[in-house]
Every structure is written in C-alpha cells, then in structure tokens.
Amino acid sequence: MIQSQLALLRREIWEHRAIFVVPVVVAIVMALTSLTGQVTINDIEHIDIAVVGATNMPESARAIALSGIMVGLSSPFVFAMWILTIFYTLDSLYAERKDRSILFWRSIPCTDFETVLSKLLTAVIVIPLVTFVIIMATHLLVLLNVSIWIDFRGGSAWHLIWAAVPFIDNWTATLVLLLALPLWLSPFIGWFLFVSAFSKRSPLLIAASPIVLLPLLEKILFGSVVVAETLFVRAVKMPLFAGLDNMDLLFQGEDHLETLANTELSLLGLMDLGGFLANPNLWLGLLVCGLFTAAAIYVRRYRDESL
Amino acid sequence: MTSLVSARNVSKSFGNFLAVDDVSFEIEKGRIMGLIGPNGAGKTTLLKAVLGLTDCQGSLSVLGLDPFRQRKELMQNICFIADVAVLPRWIRVSQLLDFLQSVHPKFSRARAEELLQKTDINAKSKVRELSKGMVTQLHLSIITAIDAKLLVLDEPTIGLDIIFRKEFYGNLLNDYFDEERTIIITTHQVEEIENLLTDVMFINHGKVVLDSQMDDIPEKYVELLASTDNAAKAQTFNPIYEKDVFGKKVLTFEGIDRDQLAGLGELRTPDIADLFVAKVKGEAA
C-alpha cells in the first residue's frame, strides 16, 4: 500500500512537471532580481555608508531586517504555489480522461481510492515540500550573492549576514505556513478535485462558476452576503497568526508594528499553531474537502466511460 | 475443470437500452476465446463487466472473484489492451517500467526489458514519440511481462498496418500464451485471428447467438455451394442463411448431417466471418 502510494506520487511528479518548474522559475526571477538590484545600487555613490550603518545596527534589528528580506523572498513562492495547486488539482483527474489513459491506469492493481488519494496528497504535501526546498535554496543563493557584494564593499558578510540570519526560526515558520495553507484552503482543493473528476471540458470555468455566481445569486435573491463572507474569510483569513490574521498583519496601525519591532522578533512566535489546529473552521474545511474527495473517488469508480 | 470466467444470466442496461441481455457462458483455463459481434452488439459492455469496470445484473465470476467489487485483486491477475485504453503519452518507457515494478506484484521488469530489446523501442523515449505500432508493441511487451491468468484484448490492432498486426499475434502466441493463460479477444478483423482461436462466441443485440469450440464448428455447421435447382431441394433442410454467389446459391446449415446434403453440391466448413454473417443475418430474417 505504501509502496504503491509512493509510486503513484512519483507518477504525479513525472506527469505534472510544473510542480518543479513553477517554483524554479520563481527562484530564477528572484535571483535575477537580486543580482540586478545590486548592479543598480552599485551606481549610487556612498553606498558603503549603508554597509557601515548595517554593521553598527544592534544584532536583533539586523535579524529582523534579514528575516524581513527572507519573508519577502518567500512570498511570491507562496502565491505561485497556490496558483500551481489550483491548476494541478483541476488537471489531475481531467488529464487522464482527456488523453484517454484512464483505462490504462485502471488496468493496474491500484484502487480508485489510492489513485485519488495520491492526487490529494500531491496537492497538500508534495507541492508544499517541493516549494519549501526551492525557497531554502533561493534564500541561500540570494544571501550568498549579497555576501559577496558586502565583502567587496569592505563589510563582514559573516558578521552582517550569516551570524545574524534566524535560519531555523524563518525556515520552520515558512514550512508551517506552506503546510498549513493547503489545509486551510482544503475545501477548495477538494472541490477542484471533484470538478476535475466529473467535468467534460473547461474544468477551470466550471470550478470558478459557483464561486462567482453563488454569492451573486444570494445577494440578488435574499439580499444577504453569507456565502460571499464565508468564501472571503476562507480565502484570506487563515487563523494561523496569534491573535491576528494575515490581513490584520497588513492593516495594523503603526503602534502595533513598533511593539513588534521592540521585541525579539520570531516568526514562529507570531504563529499560533495550537490555536490553528484547534480552530473548528479548520476541521469543518477538512470535512468539506473529505466529502468532495469521496465524491471524486465515486465518480472515477462508477462513471461509465465508453470503452 | 473449474471455469476461469463464469457468467450466468448477465444483463446490463443503459436506461431503456439493454446492452447485454441475459447472457450465460463459461471460459476455461488455457483457451483463446474470440468474441465476435457487430458494432453496438454489447461486446465491449460485456468485456467491461468482466474487467470490473462496470456493474451488471446476474452472476459473473472471474477467477473466482466478483469483478466489480474485488477489482484490485482481479487486476493483479488480469491484463487488458483496448484500443482506447491508451498508454499515457507523457510517460517515458523507463518510467512505465519503474511504475509497474512498484505497483504490480506480478510484473517482471527483466522480462519486459528482454522483450523490448527485440524491438526498436528506446527506454528513454516518451510514448508520444513512438509510432502507433510501437506503442502497441510496448503495451504487449509490458503485458506479456505480467504473470496474469487472463488477458482481455479489445480491438488491439485497430489502426495498425498488416505487418504489425501479424507480428502482434505472432508475439502473443509465442511470448504470452501457454496452457496456464487464457485470452479473450474481440476484433473486426476476424480472418486474422481465426486460426488462433480455440473457442468462438458470437454476440448480437446483447445476446449470445453462438458459443462453440472451434473444433466443433465443422460438425455443427456446413456450407453448401449448389446450383439453383439443387438449392431448392436443399432448402427442405432449413438452411439458417442463404446467399447468391456468381449465379449459384450458398446455403448454410446448422446441425445437418453432411451425408444428407451429399450430391447436392460442394460442401465445406464455413469460415468464421461467413458463419457470423449467416448467424446474425439469418436471425434477422
């Protein structure tokens, strides 16, 4: 069972090379941006003062600044990962019907449950892990690049960067975020798998239609916005950050940011994993995902494909 | 001997349309059964039921299993090639072998590689880079390397040229078939497989209209080529089918002693294609 599942997961990576290609492309863009950024600031006179200034900063402030840079580097990956997940899940059970290979896949001794499970696991575990590894590599690459630049400018890269970066805190927090995000968004993932299993054409359009139309219909028919709010909260308000949610982080007043800056900053400290895991909405979402996935398995098993 | 496939009163309907209508048959181990029928006769639906891809009414047992409910166990011992069960185009030959090695307990990679050595197929190629003939060769090679008890072939050679078709059936007999293995095959090119078959079953409008061992055909069926006068006499023996050929009559009889027809014209055993037409058209008449 486990060996088959691993083979099925490997098969997903073979078929959907975007799982690697998308984060690698983002990494290349980020690395190039960091290179061209350096070339640009090289033209500015007195830039060496900045290096001196950084050297004189307190260590905790340097850590915050560097962690900020790393979060900045990670953000596009998180965004790209979600877009990738949408397209992957919509394609996962649709492609095998479109290229008519479904009967071949069904001729091998793997159940429909095992096969659909492998697609779900790819979305919630494999894609985040691949993205995570490439984020780490990008961090190292960009920091190495900045180190070389600092050394040329007479600063101490070891002192300014490598000793100061809170690697463990930053990477653990990134991994938690990457794994928590698909869990929180799992109702969408389940819905996309289900659409992928039944739609005859344009799964993206079919998947998006109710997400757009249901809130509209509700507003027109009942004048209420329950569906719209539910979808909005699910999409942008992941309750992972202690006392805040990710939107609040952006919109908090300056006072709040100052208190943050004066404390020893820890990204992990900003997260409340226990609270996230205890949040009933998380489990409600997982239940919805489970129901949609079961429906996808049912459709794959019972639909009569004309042989 | 226990049957490998046993069907009793199997039916399958889609809405009001009865695709398979109360069919019963047995297939024993070590046989090659040809399932012959016109388009829409229910062959494919019947094969799908045997493969556990569709549910049906009645009692159907394949290798002692309920194919629809025990599909995973069944698939360890059954292979199938259907014209539409195509290999995924994105996969590399080597990946296909890796995958099957991991998921199929009865797959022998060494055997598959040995068979592929005899072809021009490169392990690094993707399926989309291979010609249709090569894809079928690849499919047959991996299936031959699976130690399965039953192989189901649904129009396996459709769209292939004559050389690939001959080679396909040659390989099927030489590399795959032995007395432990059983094959069910459907095709429109009946002439090409006639000599392979040990058993033949005709199906029309969802019903079995003939189910016989090939060896019994000459005893049961006879074709008479007679002049118009003699044909009139022969008609008293109730032919199941008659047609005109070059001013003469060809009459097909079922269960008539050849001695009774002696002297009325030339007697011969009908080939499968003619017999099929006789049974199907004769029924309609």
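This tour visits one antiparallel sheet of chain B, strand by strand.

The model is predicted, so that local features need pLDDT of at least 70 and side-chain atom pairs count only at pLDDT 80 or more, while totals for chains, interfaces and linings use all residues. Residues are numbered from 1 along each chain as its sequence is written, chains are lettered from A and ligands numbered from 1 in the order in which they are written, and side-chain values use heavy atoms, with hydrogens and water left out.

Select the sheet of chain B: 4 strands lie in the order β11-β12-β10-β13, and the sheet is open. Strands here are DSSP runs (E, at least two residues), numbered from the N terminus, and two strands pair if DSSP finds at least two bridges between them. At the edges are β11 (241-245) and β13 (266-268) of chain B, each pairing on one side only. From one strand to the next, the twist averages 20° (axes are lines fitted to C-alpha atoms, and angles run from 0 to 180 degrees between N-to-C directions).

Next, select β11(B) with β12(B): 5 bridges join this antiparallel pair, and B:Val245 stands opposite B:Lys248. The two strands form a hairpin with 2 residues between them, and B:Phe246 in the turn has a positive phi of about 50°.

Move to β12 (residues 248-254) of chain B, where 5 of the 7 residues are buried (under 20% relative accessible area, 1.4 Å probe, protein chains only). The antiparallel neighbour β10(B) is joined to β12(B) by 6 bridges, with B:Tyr221 opposite B:Glu254.

Finish at β10 (residues 221-226) of chain B, which 3 bridges join to antiparallel β13(B). Here B:Leu225 stands opposite B:Glu266.

Technical notes:
Buried means under 20% relative accessible area, exposed over 50%, partly exposed in between (1.4 Å probe, protein chains only).
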